Amino acid sequence: MLNLLFQSNTITIFEFSPVQILQFKRNLTFKRQNMVEDFDISPHNPPLKAIAGLIHDVKRGKLEGSYNITVKTLDILKKIISVCDWKSAEELMKLIRTQGKILASALPQEVVTANITRRIIKLIREEYDLLQAKVHQITDDSQASLHKLVTQTSDNDISRDYSKPQEGLREALLDHLQEIETEMETCSENVSAQAEEHIHTSEVILTLGHSRSVENFLKRAVKKRENLTIIIAECAPACRGHHLAANLATGSAEIVVIPDSTIFAMMSRVNKVIIGTHSVLANGGLRAACGAYTVALAAKHYSVPVIVLAPMYKLSPVHMCNVEQDAFNLVECAEGVIPYNSLAAKFAKVYSPIFDYVPPELVTLFISNMGGHAPSYVYRLLSELYHPEDYEL
Amino acid sequence: MPDASVKKDFSVQQYFAQQMEEDKSMSSGIAAIKTLLMVLERTKFDTVHILHSTIQEAVKEMRNTDLSQAAIVSGTELFMRFITLAKFDDKPMEECKQIMLHRGKIFLEKLLQSRSTIAHQALQFVTDGCRILTHSRSRVVLQALIDAHTKSNKQFQVFVTHGGPDNAGDQMVAELEKVGIDAILILDSAVGYVMESVDLVMVGAEGVVESGGIINRIGSFTMALCAREMKKPFYVLAESFKFTRLYPLNQRDLPVEYKYIKRQRDNFKAHPMVDYTPPAYITLLFTDLGILTPSAVSDELIKLYL
């Protein structure tokens, strides 16, 4: 049903002008009415054009990389807050939640969109509570805890009412969104600033494929430390490790590119493994590029510490229930493994999955823009980042 | 004398036993809290001190039974904490009592809801066609499996250990089969044998200790060891009132009254009834406070008792 929705929507590249905004606001209400008549049951709200545009861009490969996708999503959600017509926090949360849900179900691989949506909903809750607290005294902390279980009374148990209109909410929200935007802008810098703490002179570092955070991190390390050896597993079939090697080659470090099959053989001489990740799961496990599990297991075998660079927006409150779970993995075009016109392609099936699940036991340390964290600490970060009711969008 | 103030027609032990008898699906921890609320209601007290000693007396009586000690201890401790935190210094005692009773009811209601919250959380981990191993009978595991089958219409297979010495596994299998779940009874000693063919292990717990490890019916640790060796996830389903302030480092550290039934406590040849599973063997804990990693348990306890 959702898919149908996308097809029926004319997809345009997202550009806001006030007239357009008015137009698609009108469209939105019009469509909503239409939908009610068409389906009778309460339908999904249609995606805003901006959201549809984003989905389109990601699917076409125009917009790549979780950082860019997060920034873009944030941008759209900000515009929703600033220009859309909403009267109360509840209405706004519903609007954002619906759009976030559409994004998440259209792009199940890009969990960052859901993460930033959760973050903004939490922001709305907080700002609303803050503004309300100026009027009435209400106790904070909505997290379920043993302490709350014991101390609660019936009066502070009723769930908060977000339906009242609140003056100044829009301004306060936009103000705080600015903070998130700044955090996004500086997060890569904040992560790589910690390079010197972890990488020392004459160390041998192993990494896998090409992650932008790892590139910046290593560039910084190369600048500050001498005699580094950086071993890069190429990560076939896309071989993005070659790009990383090219980008790092300008420095003074020795760059070694190895095929993925030699990861184990090389591991015995490595001092540290530094990898990026696609996202961090609720238990501290990773959903990372295929090959990451191989690297982590080899590192475990030789007791080499595994450091994972994961900016806060990659932390996701999702559990991995089952490796075969929907939307956990993707299979890539297999042309890179065996060309279609080769003889083997006629007889053999070829698969090229994109992701690996790495269990938390194999990770030594996460480095985010807020500092270093152990995998067992991820649950705490999550409870600070998102509201528990928003874990399921 | 504190117990003189308890009305003569009310016997703690009797009421406690009656609670357990009336609702077979109730945990002994909940029954203990219910009993204490009743004590609170029936007792006349002029000072908090008397209240405390009355409750302490009642706890002692309840612990004098052969039911799962860990849950009684953690449940009653939580209740004591509840009394301590609910005290009011500026109100007359009678008013305090009313407020406490009122809050106690809410508290109990919350606790009673916890099992279905846990069942809901475990739901996404039970997938169609999966095979689950569980140990003996646990009420919360039972409800989680039944919910997954009846509410979400999932098809799966459950291996249940016999659960000696009282063989509660028989009852578990019967209860699972009653709702149409494919359940298979296995010997306690067959855990290693079936482990390779299951997808995940789900057990309940009598108590969850500060390290995030669990105290549960004897054999759970064996199961956890096997699961770790064969790389199967080991999930624990436990209500938060089972969190207890205990930090055992090995099996010997477990209190004697947890391990042995009353008449065997002096007998060094007796069989222990429970064992301790260290947190390293537990993948996740499903509680009414959310899905927790073992390290999150101590955080919760610190928040409550600090």
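The legends below describe close-up views of a predicted model. In this predicted model, local features need pLDDT of at least 70 and side-chain atom pairs count only at pLDDT 80 or more, whereas totals for chains, interfaces and linings use all residues. Residues are numbered from 1 along each chain as its sequence is written, chains are lettered from A in the order in which they are written, and side-chain values use heavy atoms, with hydrogens and water left out.

**View 1. A patch of negative charge on the surface of chain A.** The patch gathers Asp85(A), Glu90(A), Glu91(A) and Asp161(A). Patches consist of residues with over 30% relative accessible area and no salt bridge, with like charges joined within 9 Å. Asp85(A) lies in the loop between helix H4 (66-83) and helix H5 (89-106) of chain A; helices (H or I, at least four residues) and strands (E, at least two) are DSSP runs, numbered from the N terminus. Asp85(A) counts as exposed because its relative accessibility is 54%; exposed means over 50% relative accessible area, buried under 20% and partly exposed in between (1.4 Å probe, protein chains only).

**View 2. Strand S1 (residues 204-208) of chain A and its partner strand.** Five of the five residues of S1(A) are buried. Val204(A), Leu206(A) and Leu208(A) point one way from the strand, and Ile205(A) and Thr207(A) the other way. S1(A) pairs with strand S2 (residues 229-233) of chain A in the parallel sense over five bridges; pairing requires that DSSP finds at least two bridges between two strands. Opposite Leu208(A) stands Ala233(A) in S2(A).

View 3. Glu196(A) and Arg220(A) meet through their side chains in a salt bridge (3.3 Å, N to O), defined as a side-chain nitrogen of Lys or Arg within 4 Å of a carboxyl oxygen of Asp or Glu.

View 4. The side chains of Glu239(B) and Arg115(B) form a salt bridge (3.3 Å, N to O). Glu239(B) is in the loop between strand S7 (234-237) and helix H10 (256-259) of chain B, while Arg115(B) is in helix H5 (residues 93-123), 124 residues apart.

**View 5. A network of salt bridges in chain A.** The network links Arg97(A), Arg125(A), Glu389(A) and Asp390(A). Over all chains, the whole structure holds 20 salt bridges.

Notes
Patches are made of residues with over 30% relative accessible area and no salt bridge: like charges are joined within 9 Å, nonpolar side chains (Val, Leu, Ile, Met, Phe, Trp, Tyr) within 5 Å. Accessible areas come from the Shrake-Rupley method with a 1.4 Å probe; for residues, only the protein chains shown count as cover. Lys and Arg count as positive and Asp and Glu as negative; His and the chain ends are not counted. The place of a charge is taken as NZ of Lys, CZ of Arg, CG of Asp or CD of Glu.
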